[in-house]
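Here is a short briefing on one protein model. Look at the structure first, then read the points below.

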Amino acid sequence: MAAPAASHIVREEIRVEIDRVLPSPAQHGVERRTERRPGRHVVIVAWRDIASPQAGGSELLVDQLATGLIGRGDRVTLLCGGPSAAHGYEVVRSGGPYTQFLGAPFAYWRRLRDCDVVVEVCNGMPFLAPLWSRKPMICMVNHVHTDLWPLRFRPPLSTAGRFMEQRVMPSLHRRNLVLTVSASTARELESLGVPRERIRMLTNGAAPAGPPVPRCAEPLFLALGRLAEYKRIDLLLRLWDRVRPVVGGRLVIVGDGPQRGYLESLAGPGVSFTGRVSEQEKHRLLGAAWLLLHPAQIEGWGIVITEAALRGTPAVGFDVPGLRDSVEHRRTGVLARSEAEFASAWAALALDPARRAALGEAARRRAARLRWSTAVRHFAAVIDEAADEAR
């Protein structure tokens, strides 16, 4: 469900809170005052292509950045594992979901070692790219997986994964720029020993909302994302049992993932699972929903919250890293500190259309300032900075 790339580069700066917390590349003084020289070959090493059934926000971000660089005149190659599709940029497969960590260095040396810059996307397990490439390098981290390893793996795999992310990754990239998407992740990276002056940040964008969609006349609540443990849809289903008798309506869960069968077995009355949907259907649901419900344990940013906000749909989530960046508590949505607060906010907003509309309008105005083109411009600035430092 990739969003279309922006066709031009905007020159406005994003005036949001995260830019005040940590400077963007432009504010850091690395963006060129004159037109940059295009033609760099950038290799992005990532876990998945946007075409993968398991793709999520990280893959959407990489796809938008790669497409944007192509539009600026650069060459981009995505080195990843698993299924892939045709794009405006080249995709080189390096193996399966796990064998790619061994295959990536060999694929790089066979076909890509003449590149100009390498971007290693560290989604938990690093590729250890500084050990097998001497090119200028950027480490991209959407969020730190500290508390998520035990949810996905048992010891000793979870212990090894945490060690690789918390100790090995910061050490290997100690001389490189580290790029992230939120102030929450920037603070977590600092806690792992990454120097603040080496951290750069860009802000995710979102596709234009398109024609307005009528709001559903009956209560409609939407959860959208990958059905994995850390998204905590099971918690949402338990809270629905408490909220439904008060507000009525339907809870629609969009997405797929390893927990789908288990979650469907937990679902009570009024719950439906759609699986993956088209962009058109996603737009319709985001516009028709009364609220976006996002019970995730952690996020890098939460692109779906921006997508909902562009349709005037406010979000209810937990006060956790990432969501603190994409939701302004009680202004564009609600951030709960407990399950009881989440259920209470859900029910209260469902019964208060005026408050819901006010939050949705504030969310829409804030989201309207977020552009993929701005993210691409900042990404290009970090690539230039990394290349210049290596001279």
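The backbone nitrogen of Leu 128 lies 3.1 Å from a polar atom of the side chain of Glu 120. A polar contact is a pair of N or O atoms within 3.5 Å; within protein, one must be able to donate a hydrogen and the other to accept it, and residues adjacent in sequence count only if both atoms are side-chain atoms. This is a predicted model: local features need pLDDT of at least 70, side-chain atom pairs count only at pLDDT 80 or more, and totals for chains, interfaces and linings use all residues. Residues are numbered from 1 along each chain as its sequence is written, and side-chain values use heavy atoms, with hydrogens and water left out.

**Glu 120**
- Glu 120 sits in strand E4, residues 117-121. Strands (E, at least two residues) and helices (H or I, at least four) are DSSP runs, numbered from the N terminus.
- Is Glu 120 buried or exposed? Glu 120 is buried, because its relative accessible area is 0%. Buried means under 20% relative accessible area, exposed over 50%, and partly exposed in between (1.4 Å probe, protein chains only).
- Glu 120 touches several residues beyond four places away in sequence, including Val 45, Phe 127, Leu 128 and His 173. A contact means heavy atoms within 4.5 Å.
- Ala 46 is 74 residues from Glu 120 along the chain, yet their C-alpha atoms are separated by 6.5 Å.

- Strand E1 covers residues 41-45, and five of its five residues are buried.
- His 41, Val 43 and Val 45 point one way from E1, while Val 42 and Ile 44 point the other way. In a regular strand the side chains alternate between the two faces of the sheet.
- E1 runs parallel to strand E2 (residues 75-80), joined by five bridges. Two strands pair if DSSP finds at least two bridges between them.
- His 41 has Arg 75 as its bridge partner in E2.
- E1 also pairs with E4 in the parallel sense, over four bridges. There, Val 43 has Val 118 as its bridge partner.

**Helix H15**
- In H15, 16 of the 18 residues are buried.

**Confidence**
- The mean pLDDT (the predictor's confidence in each residue, from 0 to 100) is 88, and 88% of residues reach 70 or more.
- Over residues 1-34 the pLDDT is below 50. Where pLDDT is low, the predicted coordinates should not be read in detail.
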